[in-house]
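Colleague: I am new to this structure and would like to learn how to read it. Could you walk me through a few features, one at a time?

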Amino acid sequence: MSAKSKAAVQEAPGDVRHQREEFVRSFLHKSAELTEELIRDNQTMEEQLVQLREENEALRAQLASNDVVRELRTIIERLEREQQELLQCSNELALYQRRQADTERELNDLASLYVASFQLSSTLSIGRVVKHMGELMEQLVGAQSFVLYLITADGKRGIPVSAQGRLPAALAPIALEDGPLADASLTGVARIHDPAAPRAPGEPIAVLPLQFGSQVVAMFAVYELLPHKCAWAKVDRELFKLLSVHGATALIAANLYAKEAGPRAALHDVLIHLEAERHKQLLAAEPDSGGEL
Amino acid sequence: MTSYACLVVEDSPMMRQLIVFALSRIKNMTVTEADDGIVGLKKLAQTNFDLIITDINMPIMDGLKLVRKIRSDERHKDVPVIVITTEGSREDRERAMALGASAYITKPIQAPQVIETVKELLKI
């Protein structure tokens with residue numbers, strides 16, 4: 001301050017001085033207020049900062065939690081995929097098991113057919129042939145009561161040659177005039193009824209004609225199945241077909257063989273018969289040849 | 001590899017053949033056949049078997065007598081025995097089980113049933 005202005009201050013009148021002091025006091029007061037306000041603002045900001053930090057922490061935690069959820073979702077999706085794959089495998093396995101069971105059943109059926117065929121053609125003893133046929137009925141089909149009838153040459157009567165189980169009537173020759181046995185004998189068609197279906201007393205549940213060519217030579221009449229066999233199996237019908245053809249052939253062959261002295265003796269006329277058959281075939285092929293070769 | 005020897009005692013050739021067929025489906029199984037209990041006992045005297053399958057109804061010596069003989073013989077008393085019965089002959093089956101048979105199979109026999117019973121007894 002210059003000496004001139006210092007002198008002016010010293011020389012200022014009293015109200016100016018008062019105004020100046022007022023101004024300074026007011027200035028100081030306002031400064032104090034401003035400072036206090038600044039301090040309050042600072043505190044507020046600090047509080048907000050703390051709050052924001054806390055929120056930030058919370059958000060970070062949530063984000064981390066979201067990551068876990070995302071990870072869990074990924075795991076769930078993977079597990080669901082694995083579950084689907086396992087279910088598919090399980091279904092495929094079940095299908096495979098069903099197929100295997102079917103194959104086993106078919107194999108078992110084929111074995112039954114093979115054994116039946118093998119046993120029927122493995123002997124030329126008439127007694128054994130009849131026994132094998134009975135066993136086939138009992139062991140493979142599961143029949144409990146049955147009769148095997150031979151048909152007489154005129155086709156009018158059935159003579160019982162073998163029987164098993166509880167029969168509806170005493171064993172005796174039967175007249176083939178009417179009824180299921182006569183029908184089967186005449187037509188050569190097997191009659192197979194549902195075992196559970198009601199039927200007339202004494203009526204067989206199955207009549208199986210054994211035929212060679214067009215002639216019925218014998219017949220099985222089945223009256224009862226084993227108690228635990230409630231229905232015919234698929235293989236039973238195949239066994240019946242086999243028995244129908246092979247049984248008849250086996251019976252005829254065994255009966256013819258009974259007259260022979262042995263297996264070689266039984267073949268002594270083979271060449272003659274072969275020649276005769278050839279001759280017959282040629283005659284049939286050339287009807288205008290007049291029988292000359 | 002473990003091998004198994006089985007004795008099949010059955011008078012019916014048809015049944016025997018079916019049982020042998022079923023057993024042939026089991027790996028390393030050798031089968032000896034006998035058509036009667038007496039023949040079966042003779043085979044038992046000659047060889048050790050891991051399993052015996054016998055029919056109950058047989059001429060000369062039936063399956064029940066055979067089971068009794070097997071169980072009274074120190075050599076074979078622990079060998080599993082399967083008896084083959086018909087569904088109707090419940091008494092025979094119960095007697096066979098009481099005499100020491102290990103299991104039974106009812107006629108008409110099914111190969112899967114035979115295989116399953118044999119595998120169960122031999123713990124295959």
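Colleague: Where do A:Arg278 and A:Glu275 lie, and how far apart are they along the helix?

Modeller: Both sit in helix H6 (residues 270-285) of chain A, three residues apart, about one turn of the helix. Helices here are DSSP runs of H or I with at least four residues, strands are runs of E with at least two, and both are numbered from the N terminus. This is a predicted model, in which local features need pLDDT of at least 70 and side-chain atom pairs count only at pLDDT 80 or more, while totals for chains, interfaces and linings use all residues. Residues are numbered from 1 along each chain as its sequence is written, chains are lettered from A and ligands numbered from 1 in the order in which they are written, and side-chain values use heavy atoms, leaving out hydrogens and water.

Colleague: What do the side chains of A:Arg278 and A:Glu275 form?

Modeller: A salt bridge, meaning a side-chain nitrogen of Lys or Arg within 4 Å of a carboxyl oxygen of Asp or Glu. For A:Arg278 and A:Glu275, the N to O distance is 3.4 Å. By this rule the count over all chains is 15 salt bridges.

Colleague: Which residue forms a salt bridge with A:Arg70?

Modeller: A:Asp67 does, with the closest N and O atoms 2.4 Å apart. A:Arg70 is partly exposed at 48%, and A:Asp67 is partly exposed at 38%.

Colleague: And in chain B, what does B:Asp55 pair with?

Modeller: B:Asp55 forms a salt bridge with B:Lys107, the closest N and O atoms being 3.5 Å apart. B:Asp55 belongs to strand E3 (residues 51-55) and B:Lys107 to the loop between strand E5 (103-106) and H5 of chain B, so the pair ties together parts 52 residues apart in sequence. B:Asp55 is buried, at 1% relative accessibility, and B:Lys107 is buried too, at 4%. Elsewhere, B:Glu74, B:Lys77 and B:Asp78 are linked in a network of salt bridges.

Colleague: How are two packed helices described?

Modeller: By the angle between their axes and the distance between the axes. Axes are lines fitted to C-alpha atoms, for helices over the stretch in contact, and angles run from 0 to 180 degrees between N-to-C directions. Under 35 degrees counts as roughly parallel, over 145 as roughly antiparallel, 65 to 115 as roughly perpendicular, and the rest as oblique.

Colleague: At what angle do helices H3 and H5 of chain A cross?

Modeller: The axes of H3 (residues 126-141) and H5 (residues 234-257) of chain A cross at roughly 170° and come within 9 Å. That makes H3(A) roughly antiparallel to H5(A). Their contact (heavy atoms within 4.5 Å) includes A:Val129 and A:Met133 of H3(A), and A:Leu239 and A:Phe240 of H5(A).

Colleague: What about helices H1 and H5 of chain B?

Modeller: The axes of H1 (residues 13-24) and H5 (residues 111-122) of chain B come within 9 Å and cross at roughly 60°, and these helices are therefore oblique to each other. The contact is made by B:Phe21, B:Ala22 and B:Leu23 of H1(B) with B:Ala111, B:Val114, B:Ile115 and B:Val118 of H5(B).

Key
Buried means under 20% relative accessible area, exposed over 50%, partly exposed in between (1.4 Å probe, protein chains only).
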